[in-house]
Amino acid sequence: LPFKYIFHVHCLNTISWVVRKNFENEFKKLFKNEDYKVVKYIKPGLTLTGEIQKLITDKAPNILFLKNHGVVVGSDNIDNALDKIFLISDKLNQNINKSNFNFQINKKLLETISANTPYRITKYRDANKLAFDKNHIKIALKGSLYPDQVVFLGKHIFTAKTNNELLLIINKFKNDKTLPTIIVPNGGVLVPEKISNEAEEMIKALQIIISKIPKNQEINFLCNKQVNELLNWDAESYRVSLNEN
């Protein structure tokens, strides 16, 4: 991109929009005064670079919305670039789901279910909101929304209502490197004791993103092929290992 300053941001407000079907119609109104283009989802890295190059003909836009991924902003002035990032985030900020605002973590239930297992209650209180809205749980269980969710949290999130259900999940993943995140409906969220700080932050980020998606909204989830591309990608494995160290 022909700019002095280029920012690629996994803006949570932006992701909550670019995972939706038909968001582009709304963007035409929201960003009618901005120079932008939408890039279809494609594996990050060189493949994404190639897709962006196809879109750029005579003049590069200073905003690229990446489906199921985030946003890229470019400018020759760093203040202008930062202002543009905040403008995008502000325009796309929707606090629409307040039904579980006063939720109460069921600590006793979570401790009972996780007893004698390698799980604990997540340290981020607000991440537990995922467990107190049926629609949020449905979205979390249905699939992956964006690359970092796959890279840090794995392919699936599960629910468990009893200790036995949790033990069955643990047994299923006993040969895997990491255990999945567990949602206990109307209880809270359980995470593996050995979860990295980055992965646990990703659960909090996922909760924020899902909370900003309107009910009954059609969503584009990453397909199995796209998920497996990320899980088997050496570059992402290396990035995770850096965080673990």
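Leaving aside neighbours within four places in sequence, Leu130 is in contact (heavy atoms within 4.5 Å) with His136, Ile137, Ala140, Ile183, Val189, Ile203, Gln207 and Ile210. This is a predicted model, in which local features need pLDDT of at least 70 and side-chain atom pairs count only at pLDDT 80 or more, while totals for chains, interfaces and linings use all residues. Residues are numbered from 1 along each chain as its sequence is written, and side-chain values use heavy atoms, with hydrogens and water left out.

Leu130 also belongs to the largest nonpolar core, which has 30 residues, and is one of those that touch the most other members, together with Leu145, Tyr146, Ile183, Ile203, Leu206 and Ile210. Such a core is a set of buried Ala, Val, Leu, Ile, Met, Phe, Trp, Tyr and Cys residues joined through side-chain atoms within 4.5 Å. Two or more residues come from each of α6 (134-142), α7 (147-153), β8 (188-192) and α9 (197-211), with helices (H or I, at least four residues) and strands (E, at least two) taken as DSSP runs numbered from the N terminus. The largest share, seven residues, is given by α9. A second, separate core of 16 residues includes Cys11, Phe31, Phe65 and Ala81.

The table lists relative accessible area, where buried means under 20%, exposed over 50% and partly exposed in between (1.4 Å probe, protein chains only).

| Residue | Relative accessible area and class |
|---|---|
| Cys11 | 9%, buried |
| Cys223 | 38%, partly exposed |
| Asp148 | 8%, buried |

Asp148 is found in helix α7, and its side chain makes a polar contact with the side chain of His10 at 3.1 Å; a polar contact is a pair of N or O atoms within 3.5 Å, where within protein one must be able to donate a hydrogen and the other to accept it, and residues adjacent in sequence count only if both atoms are side-chain atoms. The count of disulfides (pairs of cysteine sulfur atoms within 2.5 Å) comes to zero.
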